[in-house]
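Welcome! Take a look at the model, then work through each solution step by step.

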Amino acid sequence: MADGHDMGERAKFREMLEGTKEDWDIIAANSKAFNKGLAKRVLDHLRLLDGDFGGFPIDRLEHSLQTATRAHRDGRDEEYVVCALLHDIGDTLGSYNHPDVAAAILKPFVSEANHWMVANHGAFQGYYFFHHLGLDRNLREKFKDSPHYEYCAQFCHLYDQTAFDPEYKSEPLEFFVPMVERVFSKPKNSMYLKAMEE
Ligand SMILES: [Fe+2]
Ligand SMILES: [Fe+2]
């Protein structure tokens with residue numbers, strides 16, 4: 001396997017019903033090594049947005065960098081900045097639901113508010129353009145009772161809808177790499193958490 005995380009040993013079962021503790025010790029050790037490469041895999045996937053303009057004034061990677069840079073320069077914390085950087089990472093595979101993809105990747109590592117913000121930013125960003133496409137710009141109102149409504153609206157208003165300026169000098173992706181590595185180094189929520197703690 002790629003990334004040098006294959007430790008050579010293999011479990012012996014043909015179906016999981018036959019699995020033993022020894023098998024699962026091998027798999028757990030491999031997962032631990034594989035999980036260390038998560039930040040790199042996420043960053044590699046983000047790079048796929050490079051050169052993808054989709055008609056916008058700047059490409060999707062530059063939009064991501066600009067969104068994150070604006071949030072960082074505005075004093076947002078590291079977790080928020082990483083969410084800003086990755087909020088559109090789902091554009092490659094989630095053409096019809098891109099916020100769901102980013103939200104799923106970030107979910108184990110971020111607060112409920114940040115996860116909600118990423119998961120729902122599509123409807124809130126729509127406030128700035130849905131009316132040009134014959135859609136309802138007030139779609140976000142369906143979330144008006146959420147405690148995260150203002151938080152998400154602010155993200156789109158301050159950093160996402162503003163991040164299409166070809167003149168803006170964003171930080172390069174390298175600037176954010178250590179932040180991504182730190183945020184992805186330890187999950188806060190995962191059904192596998194207990195098994196990973198030993
Ligand atoms: Fe988006
Ligand atoms: Fe965006």
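Along the chain, the donor residues of the iron ion (ligand 1) follow the spacing D-x9-H-x22-H. This is a predicted model, in which local features need pLDDT of at least 70, side-chain atom pairs count only at pLDDT 80 or more, and totals for chains, interfaces and linings use all residues. Residues are numbered from 1 along each chain as its sequence is written, ligands are numbered from 1 in the order in which they are written, and side-chain values use heavy atoms, leaving out hydrogens and water.

**Exercise 1.** Find the protein donors of the iron ion (ligand 1).

*Solution.* Donors are N, O and S atoms within 2.8 Å of the metal (3.2 Å for Na, K and Ca); water is not among the atoms, so sites may look incomplete. Asp88 (OD), His98 (NE2) and His121 (NE2) lie 2.1 Å from the ion. Next, check His121: its relative accessibility is 1%, so it is buried (under 20% relative accessible area; exposed is over 50%, partly exposed in between, with a 1.4 Å probe and protein chains only).

**Exercise 2.** Which residue bridges the iron ion (ligand 1) and the iron ion (ligand 2)?

*Solution.* Asp88 does, and the two ions lie 3.7 Å apart.

**Exercise 3.** List the residues that coordinate the iron ion (ligand 2).

*Solution.* Now look at burial: His87 has a relative accessible area of 0%, and Asp160 has 2%, so both are buried.
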